[in-house]
Amino acid sequence: MEQTTLLYDERFLENHAGAIITDPATAIVELVANCWDAYATEVRITWPDIETVRQFKITDNGHGMTKDEFQKIWRTMDYNRRKNQGSTIEPPGDVNGLFRTVFGKNGKGRFASFCFASEYLVTSWKNGQKFVYKIRTTATDPLCLEEISFESEGVKGHGTEIIGIGNIPRRIFSEVQARELIGSRFLANPAFKVSLNGKEISFNDIPALLSTEEISVENYGVVRILHIDTKKADKTTKQHGIAWWVQNRAVGECKWSGSDYERVLDGRTSEAKRFTFIVQADYLNQSDAVYEDWSGFKEDNPSWIKTREAVQDRIRQIIFESGETERDSRRSGVISRVGNTLNMLSPVSKERVNDFVNEVVDTCPNFGENEIVQLTTILAKLEQSKSRYGLLDLLHKCEPDDYDNLHSILNEWTIGMAKMVLDEIQNRLKLIGELRTKLLVAGIDEVHELQPLFERGLWMFGAQFESIEFTSNKGMTNVIRNIFKDAKGKGTRNRPDFVALPDSSVGLYARSSFDENYDEDGVEHLVIVDLKTTGLPLGTKEKDQVWKYVKELKAQGYIRKSTRVDGFVLGSEIEQGEDEPTMHGDEVKIVPMLYETILIRAEKRLLNLHTKVKAAPFLLEQQEELKKFTEPVEICQMELVPVI
């Protein structure tokens, strides 16, 4: 089987390594971090100069590499340092110290030297071996390794040196800038010394980034805090945090501890990647607060407890004060963007919203200007609304899943649209609940109570009756009333929109028809709802009664021959053999139906929502109101007394 090597485009290395080979600041930090990861205690750097043709060089006294280790590490793309060597490293045999947490993890640091030279030599010595390799890149090979020399034994010491030998790229990054950058990242541990062009990097190299102050810890002594502000947040918190020094020796690692995140940072993740604090508290050694191996402090030591709290409180204040200008800018930006809305509020409401903005800006550092503007606009609208903060109370009672569901709803619906749909569903659910409750009570008076429900509930009979164009027809109602000579009958004065008869109530709901000029010219569709008292079986007589209404309405010209008529006769029981609809031609259909049937149809049309949401507040409230309908009225009767 033929095998070919991979080909690489000339842009591969730049895309793969990114800023490591194009940005001197990123490159030098990466190279010094590699020295730290090798457990170097001294790093010597020669800064390149294109004018004097001085090549870049970096030398450390770390572990170094054997030839085999170099081959494995350098030839493996995306070498996983933590998987292969662990996340910590122990000191070389001739160095006293604690394990170090390493920075490297993605295996790209080896490319950083290309930022300072087109080719470079790697020299490393370890375990008696010493090798020299030439590293270069071509248009088709991102990393070429050429062995220059190798000594298999007899070499003393350990360390690594990288020196440029090719063309020196013209980079606008001075020695002064390099000293400031390295100092801001690697001065936290006094056991790790870096020199540049023969001069050790110190706090004097970062005057613009450094501030110093002292605090007094009662009964113990004075603590010196050095505050390093890199002015720009890094990608991670590595090389940042709080470094504790006792008698010019580091205790533990420079990092943000668990209590620092809670007590100092308070969610300020950007500041965690920007600030480094060096705390010098020499008296902690005399008070026996330091572990013998200098890996940390004794958590129950009174001097350590009191010192840590005092230092954390002061550092928290320093961080807060350093962001004052940024907070003022954010605060002004928010107020200017919501100014028109604020000007519409009352003075009291305006003051309340301003206080809210100040509080959020001060206590929620991770909120950007856009997020605060959104919150402020919501608050201003709550101030303007009639319900005020009732919405917040409802949201406070919601479970986390409810917030996800609400987000999904608002993402797909406008609030107005959702309310319109939910209002209609609520009205229909309440109608079903009221109808079911009132049907429990037998009697003609209760049947008269049902007719208004059907005026709003024609949709229960089928989708074709959904139209809001079906309205009660008072003219037809009078015709039916005159048939029964019931002009003064029960319910007539209170509800002129339906007929209340001795054993039923009749409602007529018509949908108009229109001529070619869109003028109303009659009735296209008529729905007759005849509700019979419970206990009265439905049969031919009851269906014929509805047909009698239709003939009378036709005779008086209220409906035409072509008018479609759907008649529904409802009761609690149907005579045997009388449950089929009666047809009179193609236009008139009269259907006997049980009250229970119409309820089942209604619930199915709402997908049985009534059962699923029966615990909804509006339904529970309705049930309380309907109890009055089903409960008997108390009657107070005077005692009978004998007549003298």
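Student: Is the crossing of α6 and α9 left-handed or right-handed?

Tutor: A crossing is left-handed if the near helix is turned anticlockwise from the far one by less than a right angle, and right-handed if clockwise; in this structure the crossing of α6 and α9 is right-handed. The model is predicted, so that local features need pLDDT of at least 70 and side-chain atom pairs count only at pLDDT 80 or more, while totals for chains, interfaces and linings use all residues. Residues are numbered from 1 along each chain as its sequence is written, and side-chain values use heavy atoms, with hydrogens and water left out.

Student: At what angle do the axes of α6 and α9 cross?

Tutor: Axes are lines fitted to C-alpha atoms, for helices over the stretch in contact, with angles from 0 to 180 degrees between N-to-C directions. Helix α6, residues 258–265, and helix α9, residues 302–322, have axes that come within 8 Å and cross at roughly 50 degrees; both are DSSP runs (helices H or I, at least four residues; strands E, at least two; numbered from the N terminus). The two helices are therefore oblique to each other, a label for what is left when under 35 degrees is roughly parallel, over 145 roughly antiparallel and 65 to 115 roughly perpendicular.

Student: Which residues of α6 and α9 make the contact?

Tutor: With contact taken as heavy atoms within 4.5 Å, α6 contributes S259, D260, E262, R263, V264 and L265, and α9 contributes R308, E309, Q312, D313, I315, R316 and I319. These residues divide into 4 nonpolar, 2 polar and 7 charged (nonpolar: Ala, Val, Leu, Ile, Met, Phe, Trp, Tyr, Cys and Pro; charged: Asp, Glu, Lys and Arg; polar: the others, Gly among them).

Student: How far apart are the axes of α10 and α13?

Tutor: The axes of helix α10, residues 324–337, and α13 are 9 Å apart, and the helices pack at an angle of about 45 degrees, which makes α10 oblique to α13. The crossing is right-handed, and in it R330, G333, V334 and R337 of α10 meet E369, N370, I372, V373 and T376 of α13, a set that divides into 3 nonpolar, 3 polar and 3 charged residues.

Student: At what angle do α10 and α12 cross?

Tutor: The axes of α10 and helix α12, residues 347–363, come within 10 Å and cross at roughly 145 degrees, in a right-handed passage. From α10 the contact takes R327, R330, R331, V334 and I335, and from α12 it takes N354, V357, N358, V361 and D362; by class these are 4 nonpolar, 2 polar and 4 charged residues.

Student: How many cavities of 30 Å³ or more does the structure hold?

Tutor: Rolling a probe the size of a water molecule over the atoms shows where empty space is left. On a 1 Å grid over the protein atoms alone, a cavity is a set of points where a 1.4 Å probe fits but cannot get out, a pocket is an open set with protein on both sides within 12 Å along at least five of seven lines, and lining residues have an atom within 4 Å of a point. The structure holds 1 cavity of 30 Å³ or more, and the largest cavity has a volume of about 40 Å³ (the space filled by probe spheres set on the points, which are joined across faces, edges and corners). Its lining includes W244, W245 and C254, and β14 supplies the largest share, 5 residues.

Student: Which residues lie nearest the centre of the second largest pocket?

Tutor: Of the 26 lining residues, L391, L395, L406, L410 and I415 lie nearest the centre of this pocket, whose volume is about 1400 Å³.
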